[in-house]
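Okay, thanks everyone, let's get going.

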Amino acid sequence: MKCLLIASESAEVLFNWTDPEFQQKIQEQYGASQEEGQRLPAFEDSISTLFAPIIISCITMVDRLGDSYASFTTENNHIYVLHQFDECLYIAVNGDGEEGEDDLRRKIYVMKKMIEVLFGMVTLSSNLLRRELRPQDTEQRARLWKHLQSLLETYSHIRENDQSFLVEAVERLIHPTLCEQCIEFLERRLVQQLNSSIERAGEEVMHAFILVHTKLLAFYSSRNASTLVTSDLLTLIIMAQNMYPSCIDLDDPSPEVGDAKRKAPVPGFFNLGVGTPRGVPFKCSSPVFEFVDPDIQMAEDSLQTLEVPPPDPSTPRRVFLEVSLKEGLYPMMPHSMYCLPLWPGITLVLLTKIPTSAVAMSVYTYLEAFAKLEKRLREGQEGSAATRGQPTIHDLRSKLDKFIKALGPSDIQEDQASTESKCATAPCWPQYVIADLLNNEFSFRFSLIPWCKNMKTQLCGIYRQCFLIDPGPSDVPRHLSPGLQERAQTLVQEKLMDWKDFLLVKSRRNITMVSYPDFPGLIHFICVDRSTGQMIAPSLNITERNTSELGKGPVAQFIKSKVWSLVNTTRRYLQKGYSTVTLRDGDFYFCYFLWFENETGYKLEAVDLPILPDDSPPIGMLSWDYYRKLRRYYSKNHQGEVVKCYELLTVHLGVIPSEIILQHCRQLASKLWEPSRNPLL
Amino acid sequence: MAELLSPDLRGCTYFFLYDGSKVKEEGDATREGICYFYPEETPMDKQELLCGQLAGVARCVSELSSSSVRVLRLRRNKYAIRRKDDFLWALGSSVDVPTISVCELLDQLIDLFCFYNGSVRQSYQRNSREVLAMRWAQYLSHLQAGSSELHHIFSCLKTIDATNVDPLLLLKAALILQACQRCPLVLVGCILFRGRVVSTQMSPNLTMKVMVHESETYNKAHKPNGPSTSSSSGGTVSSITVFLTMSELQYLQSTPVDKGFKFHSTPHKDTIPKKTRLSRTLSDTPSTDSEPSDAGSTHSSQKVSFSPCLSASDNVFSPDPSENTTDLLHPPMQSQCPLSNGKSSHDAEEDESFYHSFHTNGGGMSQIGDSSGLEENSHLNGACGTVFDFRAAECGNEESHDHKVGEDSRRGSGGSAHGCSGATNSHNESPLVPMTLYLHRVKGLVLVLLVEPHFLSDTASMEEVYHSSLAALNGLEAHLRTIIPGPPGVQVPYVFAHFDCTQSTMTSNLSGRPGATHERPFVRATSLLHSHFCNTETLQEAIIRSAGAAVYGTRSVAQETYFLQHGGSLRNSGIPNHQDSAFTLPTKARHRLLKHGVNLL
């Protein structure tokens with residue numbers, strides 16, 4: 001019983017995802033009210049009818065009370081979480097008790113993050129985003145929604161099963177020698193070769209990494225690249241998993257290999273992207289995701305018939321990632337993502353900078369300038385603000401004019417639509433606007449606000465034209481040629497051929513509790529370095545087939561559920577400013593610590609952490625980097641010092657005396673991140 | 001990132017009762033449906049907005065989930081929601097109050113209303129909105145009155161400070177209640193002193209409800225122009241109709257008081273009075289027996305009164321010769337068991353029917369006036385109370401017809417004397433059973449008894465209860481009055497709160513003053529931990545620490561305890577360190593709290 005819905009302020013459904021149970025319930029409700037023989041209304045219609053009153057009430061509350069709904073809980077424990085971003089209202093529902101309010105809020109934020117990575121700055125204009133999320137063309141819409149739905153399902157699945165996505169940090173394969181070799185290989189052989197090839201069509205490989213399932217084997221960034229933030233990296237891992245899903249649940253590799261073969265892409269057939277059939281990722285995992293109900297299947301049909309052949313597989317996926325340069329921070333800069341499967345479960349991901357990315361930077365600069373101007377206009381009751389703004393306005397105007405001129409003869413000129421948008425932009429810079437600003441007439445100032453908004457929308461439109469619209473077939477190559485991609489793939493395949501089986505096993509049993517005989521009574525731990533966004537934890541194998549140190553199935557499952565709930569609990573305390581938590585729960589003793597260090601490893605003194613409201617963004621690194629904010633908050637008092645932030649969670653048997661437990665924690669904390677950077681082992 | 005927010009623990013920001021049946025058509029104004037809105041000075045359009053939107057959304061969500069909404073959170077407020085038929089209650093509070101506490105508060109509020117007024121629908125049919133609005137306001141202010149921030153987290157009874165009171169006094173109070181129970185029409189009772197519980201036989205819920213009326217009359221009596229009869233120097237007796245839910249009644253009936261028990265020396269652990277000679281004077285009571293009452297007055301009294309189920313009808317009442325002779329005046333009554341459900345006992349049924357016919361044949365309430373000369377003196381608590389003054393017995397007149405009481409007898413004639421079926425309301429609501437609350441006030445002290453409705457018509461029983469307890473109450477009052485409140489707590493380097501879940505009592509050394517900012521961290525942590533304890537059954541203890549404060553919380557089935565140690569070097573890096581003072585909190589709490597009577601071992 002799960003559902004996620006995005007609606008516009010006019011109660012139009014911009015996206016919906018439901019699990020089969022929820023869909024069935026909705027249809028039952030409609031079936032009851034429907035007369036005999038009458039055909040059920042389309043699912044999309046029923047869901048929008050049912051949610052419309054809630055959406056409208058939510059908007060009324062914002063308008064008239066300045067407050068909006070955050071969540072509803074019913075007697076039978078159905079939870080509804082609502083969150084509004086600009087003009088888009090997100091509603092997440094759970095009716096099966098599997099997710100709490102925090103989980104649903106996190107899901108909403110993750111969905112928003114994924115939309116940002118997929119649509120970039122278009123998300124800054126609600127108007128454009130609305131059109132983007134709900135294309136008029138039903139075929140296109142079905143394809144897009146299916147893609148988003150499958151991304152969301154992939155995320156939920158990984159979060160349920162993967163510790164790294166539970167704590168939202170990247171997990172590396174612990175094998176220092178191989179890691180080093182691979183990084184060197186990526187640098188010396190692969191990236192260098194790709195970037196010096198003429199077939200790259202102006203694109204430049206900035207980052208390259210190898211994933212084994214969801215774990216990182218090697219990551220290389222070229223010298224002139226900005227760092228890839230953890231939030232983006234985690235999102236890219238979800239996208240890669242969505243394209244080439246691996247069956248995390250199964251420990252026995254044989255059925256998985258067979259299964260993966262079935263859908264293993266033939267070499268060169270990458271980037272299924274939008275066309276990935278829905279539901280496939282989970283056929284091998286849990287039965288929850290299987291569509292068995294014929295009614296639902298029928299409802300699905302309406303979407304399935306619209307299936308179109310996937311686009312050219314060698315077309316990369318456009319992703320928008322944060323870039324920090326000397327000049328400043330640029331969010332949502334366009335990149336191409338090439339996801340090259342090496343073997344089932346092992347994937348090579350290349351991120352390239354596209355030749356026109358400078359345009360995106362300019363657009364962002366102007367957007368920011370207009371946002372500032374709008375803010376000034378809103379606030380600036382006193383004339384001085386506008387006067388101070390004058391030179392900037394002129395500056396802005398001449399720069400923007402130049403920018404639009406420069407944009408004209410560029411490669412997007414042939415595109416009919418871009419010309420339109422250009423035409424639309426030009427007359428929007430009327431003389432009277434400048435006059436108004438100069439005259440500093442109070443009454444005009446407010447008439448300028450909508451104009452500012454309009455300018456922003458137009459800029460987003462340009463951005464959309466440049467980076468989102470597929471310009472269609474043309475003679476000019478726009479990305480790494482298929483041949484080049486294939487060569488890259490073969491190169492890495494050759495390199496890792498002997499390691500392949502080892503890596504697949506290693507990714508399941510990265511490190512195990514057996515390696516920690518010095519910690520009697522310690523059942524599990526997770527250690528996270530929040531400055532680098534990396535985590536280590538013993539693997540939790542919960543399958544029936546393999547007996548791990550945690551015992552078989554149910555026991556391991558129980559401990560897993562405890563670990564999952566512990567992470568949620570500690571986040572709640574952290575949100576309220578508590579950085580140390582110990583809990584005695586049943587037969588277990590849980591500890592959680594968060595602390596700061598400087599670069600040399602000196603432990604910094606604890607400070608009062610900010611207390612956040614309940615509906616603040618979820619604590620983590622995927623959708624909203626809480627820890628980056630936290631480190632910035634901390635370094636206010638530690639100017640000029642690099643502040644590092646660590647977290648440690650442990651699960652002990654309850655019978656162990658607490659002094660021993662604390663000693664363990666201390667040892668783990670100091671050992672795990674030794675200066676060698678190579679954690680234990 | 002947000003600044004350090006100080007918690008806002010206000011119990012209630014908004015409260016409303018909305019009647020959806022009044023707003024059905026398109027043209028119906030939302031205000032028609034608003035039965036009560038707090039704060040009353042809220043502009044009407046805001047009232048309409050809140051009621052309309054919240055009720056609408058709650059309805060919509062209920063339809064989607066086929067279950068009614070319990071909690072509705074906004075960014076700045078959270079609302080506990082209850083729905084019954086067409087009625088919708090919403091209680092809004094600040095987001096820092098634990099959700100579970102807001103829900104509890106709303107339930108209490110609704111229960112209170114039903115306890116004094118019966119079914120909501122009928123109340124609104126019978127009374128004007130203005131009258132009932134006053135009641136809601138009264139209950140709301142009672143539930144919020146003078147409570148500290150901790151009281152918004154734990155709903156607890158106010159008890160007298162047992163540490164200052166001679167345990168013998170508590171024992172004495174318990175004995176008074178037991179003595180009253182010798183009258184079969186008396187179900188349970190409690191004794192209150194200046195708005196605080198001295199001893200109670202009732203469940204915490206019921207005690208809490210009973211206290212509202214008491215504090216109301218107490219306040220009235222202390223107003224200079226209050227009803228004259230209430231403030232007359234002697235004891236004043238009054239009564240009021242109240243409504244019990246079936247489950248409350250069943251609970252009372254499932255733990256029948258063994259009338260003979262108190263006088264037979266049937267061995268039973270935990271019972272104190274059986275060893276005593278049940279003396280009316282303190283000096284006669286062996287002091288060795290009073291030791292268990294250290295733990296608190298209510299504690300000992302409960303153990304006494306809710307003895308294991310012994311069918312009362314099996315035990316023939318045999319009064320101790322040394323006992324008050326008034327008991328012997330009505331031997332047939334003593335053999336009747338008012339608490340048995342009447343189905344199993346033939347005798348009881350016969351007695352009931354006897355009672356019943358006695359009632360109706362005698363002409364209902366007028367008979368009371370005739371025989372006992374009860375005088376209706378004033379209306380307490382709005383329209384539903386009668387005050388009897390025994391000293392005015394000679395001037396009996398027929399005016400004792402309070403419309404409320406008359407109604408009771410009407411109901412009584414409809415069904416059995418227990419009235420189990422008499423007050424059933426609309427079939428959707430759980431039936432409420434009318435009962436009578438008997439109050440005997442001696443200055444600041446009040447004896448509150450929950451009695452069968454026809455107790456009022458049974459002059460003999462009434463007189464007997466009155467006279468048997470009068471002297472003892474006077475004595476108790478005199479003793480309690482002279483108790484000087486203990487010296488203001490010595491400044492101790494720690495804060496604690498101990499909540500007894502079974503008795504709903506709290507012990508704490510928190511000043512509870514609104515301005516005590518240094519107590520804020522403790523309250524905030526307690527609020528979080530309490531929510532966590534409520535949501536996680538297996539959680540036994542927790543230590544949480546921010547940079548400035550470490551709080552230890554522990555709970556068992558029966559209690560929750562929170563402890564914060566002031567001072568000490570809290571300079572730490574947050575990295576695990578076994579020498580960290582935060583981890584010595586459990587040991588410290590165990591030692592320090594022993595002298596407050598809190599045992600964490």
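So, into which domains is chain B divided? Domain 1 runs over 14-151 and domain 2 over 494-596. Keep in mind that this is a predicted model.

Their C-alpha centres sit 33 Å apart. For the contact, domain 1 of chain B puts in eight residues and domain 2 of chain B twelve. Together, these two domains of chain B bury about 770 Å², and 70% of that is on carbon and sulfur atoms. On the domain 1 side, α3 (99-117) and α6 (149-153) of chain B each supply at least two residues, and α6(B) gives the most, with three.

Staying with chain B, the unreviewed UniProt entry annotates residues 13-118 as "domain: CCZ1/INTU/HSP4 first Longin". That span is 42% helix and 31% strand, with its end C-alpha atoms 26 Å apart.

Now over to chain A, and one residue there. A:Asp19 is in the loop between β2 (13-18) and α1 (20-33). Is A:Asp19 buried or exposed? Its relative accessible area is 7%, and the cut-off for buried is under 20%, so A:Asp19 counts as buried. Beyond its neighbours within four places in sequence, A:Asp19 is in contact with A:Met1, A:Lys2 and A:Asp96. With A:Lys2, the backbone nitrogen lies 2.9 Å from a polar atom of the A:Asp19 side chain. And A:Glu153, 134 residues away in sequence, is 9.3 Å from A:Asp19, C-alpha to C-alpha.

How values were computed: Residues numbered from 1 in each chain as written. Chains lettered and ligands numbered in written order. Predicted model: local features only at pLDDT ≥ 70, side-chain atom pairs only at ≥ 80, totals over all residues. Heavy atoms only, no water. UniProt positions renumbered as here; feature names shortened; annotations may be inferred. Helix = DSSP H or I, 4+ residues; strand = E, 2+ residues; numbered from the N terminus. Buried < 20%, exposed > 50% of the residue type's maximum accessible area, 1.4 Å probe, protein only. Contact = heavy atoms within 4.5 Å. Polar contact = N/O pair within 3.5 Å; in protein donor to acceptor, adjacent residues only side chain to side chain. Domains from an automatic or database assignment. Buried area = accessible area lost by both parts, 1.4 Å probe.
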